Amino acid sequence: MIKNIALAGNPNSGKTTLFNALTGSKQYVGNWPGVTVEKKIGTARVGNKTVNIVDLPGIYSLATYSMEELVAREYLESDEPDLILNIVDATNIERNLFFTLQLIESGKPVVIALNMIDAVESSGGSIDTALMSELLGVPVYPVSASKNKGIDALLEAITNDKNPDISTVNFYSKNVLSAIESIETVLSIDKSPRLHAINYIEDGEKKLEGHEISKQTAGMLEDMVQKLTKSVGMDRDMIISDEKYKFITGVVDKCVTKNNMYHKTTMTEKIDRVVTNRILAIPIFLGVVLIMFSVAFGSFGSFIKGHFEFLINDVIIEGIANFLTSIHVSDWAYSLVVDGILGGVGSVLSFLPEIAILFLLLSILEDSGYMARAAFITDRMLRKFGLSGRSFIPMIIGFGCTVPALMATRTLENEKDRRLTMIITPFMSCGARLPVYALFTAAFFVQNQSLVIFSIYILGIVIAILSGLILKRFVTGDTVSGFLMELPEYRFPTLKNLWRHTWERIKGFIVKAGTILVAASIVIWFLQSFNLNLKMVSDSSESIFGNIGKLIAPVFIPLGFGEWKVAVSLLTGFVAKEAVVGTLSILYGAGEAAASGAVDITAALSQVFTPLSAYSFMTFTLLYMPCVAAFATMRREMNSWKWTLIAVCYQTAVAWIVSFLVYQIGGLMVKGIITADMIIAALAVLIVVLSLIAYFKPSKRKKNKCASCGACCNSCDRK
């Protein structure tokens, strides 16, 4: 039998890094059965011994408030895990050990991986792991997952055929322990009896999910809890926490030695004084994002992209085109391969260098700890618009891909918060839209490419915030859940982790190009090459796509791009946003142009768009309904067709309205009818109006109370 090991720990404790260090590439990602919470399963091997490692969600407690906590607790209570590998942040032991004590109480064998031990040692401190192991009753191994230190000894421990003994250490005073044991006996729950007894003391019967008790039993239990609260002089919800933290304080005092000769301001504290400053925080964040786009889409990114385009167009596409010509393939086969597949996929892949640079920079921000600060500094602003800073995490993830961003809303405990966050998260520009921006900025904004793309991203954030302000009354009812988040220490990202995180994103982009976009390119080529009678046509305006495009194109005329080829590209964008570029490339003959050295796609677009209509098109691409994968994810996460359809209809309506305003107001500004001062004044008025709407709540009609009983319902005979 292969051992199953549950990897559990607090967020930001280095759990993911340790999981990768233990399993390497031998892992896969899926969902827990029947629950839309992601799980990772990997295998670790020492010699001829193999174990399965199940990565549980990063949580602070087994108290079942969120879906992640419920999943973790149910898995730990099941018979599947043979051993729990608890990762503890050595730089923050006091907080981490609270969860450790809960895991020990689950009744399973536990091994502790004391991570980031190098950070403790570098600060002049030390931890007596042998004494800590004795006090907790479980093995403790010091490791540094990022530097691969201590991993071999930990692997030997968890792959050992014999599990460590279950801890019998007591964390509680005599009267509290006696009450817990008495409640265990009365409850008679087989799995994790200690945890259930403690949960009952803390929060009563509602914490006994799936375990019904009689009224007589409930009365007995409540009497026990009341006696306990009187004896310790403390509310029931504080008793267990107080006992555990007293025990933890004793462990830390005996095992941890800190360099307390003088208080030395850490580098993290020095940096945070600046980057989280009340005044400077937002400008610094915007500056960081602007620098990121300047590097990716500025001269450096363009230099690499130019050489990569040469490889794609002049070497690969032209080489394959010449080969097909030399073997005398038919016209339709040549058109399918060169115009369809190569033209569609090649045009998207040509932007891979810029996208890879952006993914690398995002990984640096995440691994360094700055992204957590971004959520922290935006919390105050987001709360005014009906969201908490916790919603910023899915929104940040949305810059990479909308699908995991929607899945990340599971961390929100309030269902209404989740719903509102899912509605506005697709306004965050995902990586799939980048090829569209790169194509149009290269064609119309060569000198200001990075600045224009930066403005598009900022526009998405602004629209998301304004949407939160408008929708909060209808979705969340003006209630905003609390936000508690740990700010990790700043760390230098390791090359190994940067490579892993960047490659995972790039690989997803390449896989999509090699699967979905290839299939989409073939379908697009067919629809623009054949008419309704399935006869090949030379004029694409007579094709199936041509007829569809002519039907929907008038909708986009007020937005500045009413040409049928442009209209149908937005339809294919529902399959994948990269397909917009692929469709335009196929319809405007980019594949044949690359093969023959003729005019490229950017020159063709300049005949259809102006800089203003190009910006309007990018705006619509940014805001309209997400791709089919994101749509399916939203439907699954919301568990409601009604709210999913409301969300995509709202997003598309917002896209049309904002693009309309961009094009029409921009046109008036070009003509000199509207000036920049007038725009600024109008925005100021709009902000004031929206703020007043948010501040003043609508008055609620007062109910007449009964003169006899004082109630607002039919509680007595009088009406």
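This note goes through the helices, cores, salt bridges and single residues of a predicted model.

1. Basis. The model is predicted: local features need pLDDT of at least 70, side-chain atom pairs count only at pLDDT 80 or more, and totals for chains, interfaces and linings use all residues. Residues are numbered from 1 along each chain as its sequence is written, and side-chain values use heavy atoms, with hydrogens and water left out.

2. Helix α12. Helices (H or I, at least four residues) and strands (E, at least two) are DSSP runs, numbered from the N terminus. Helix α12 covers residues 281–297, 17 residues in total, and spans 24 Å from first to last C-alpha, close to the 24 Å expected at 1.5 Å a residue. The expected span is 1.5 Å times one less than the number of residues.

3. Buried side of α12. A residue is buried under 20% relative accessible area, exposed over 50% and partly exposed in between (1.4 Å probe, protein chains only). In α12 the buried residues include A281, F285, V289, M292, F293, A296 and F297. They sit on the same side of α12, because they cover an arc of only 125° around the axis; the arc is that of the directions from the helix axis to the C-beta atoms. An α-helix has 3.6 residues a turn, so residues three or four places apart point the same way.

4. Nonpolar cores. A nonpolar core is a set of buried Ala, Val, Leu, Ile, Met, Phe, Trp, Tyr and Cys residues joined through side-chain atoms within 4.5 Å. The largest one has 95 residues, and those with the most contacts inside it are L358, Y437, F440, F561, L605, F609 and F617. Helix α21 (residues 449–475) supplies the largest share of this core, 11 residues. Apart from it lies another core, of 57 residues, among them L56, V88, F98 and I201.

5. L358. Contact means heavy atoms within 4.5 Å. Leaving aside neighbours within four places in sequence, L358 is in contact with M292, F293, A296, F297, L434 and Y457. Of these, M292, F293, A296 and F297 are among the buried residues of α12.

6. Salt bridges. A salt bridge is a side-chain nitrogen of Lys or Arg within 4 Å of a carboxyl oxygen of Asp or Glu, and the count by this rule is eight. One of them joins D55 and K15 at 2.7 Å, N to O. D55 lies in strand β4 (residues 49–55) and K15 in helix α1 (residues 15–23), so this pair ties together parts that are 40 residues apart in sequence. D55 is buried at 7% relative accessibility, and K15 is buried at 8%.

7. Two further pairs. K244 and E105 meet in a salt bridge at 3.0 Å, N to O. This pair links distant parts of the chain, with K244 in helix α10 (residues 236–255) and E105 in helix α3 (residues 93–105), 139 residues apart. K244 is buried at 1% and E105 at 7%. R418 forms a salt bridge with E637, the closest N and O atoms being 2.8 Å apart. Here R418 is in helix α19 (residues 415–424) and E637 in helix α30 (residues 628–638), 219 residues apart. R418 is buried at 5%, and E637 at 4%.

8. Cysteines. Taking a disulfide as a pair of cysteine sulfur atoms within 2.5 Å, the count is zero. C430 is buried at 6% relative accessibility, and C627 is buried at 14%.

9. S543. This residue is found in the loop between α23 (516–529) and α24 (544–552). S543 counts as buried, because its relative accessibility is 0%. Beyond neighbours within four places in sequence, its contacts include F530, V537 and W564.
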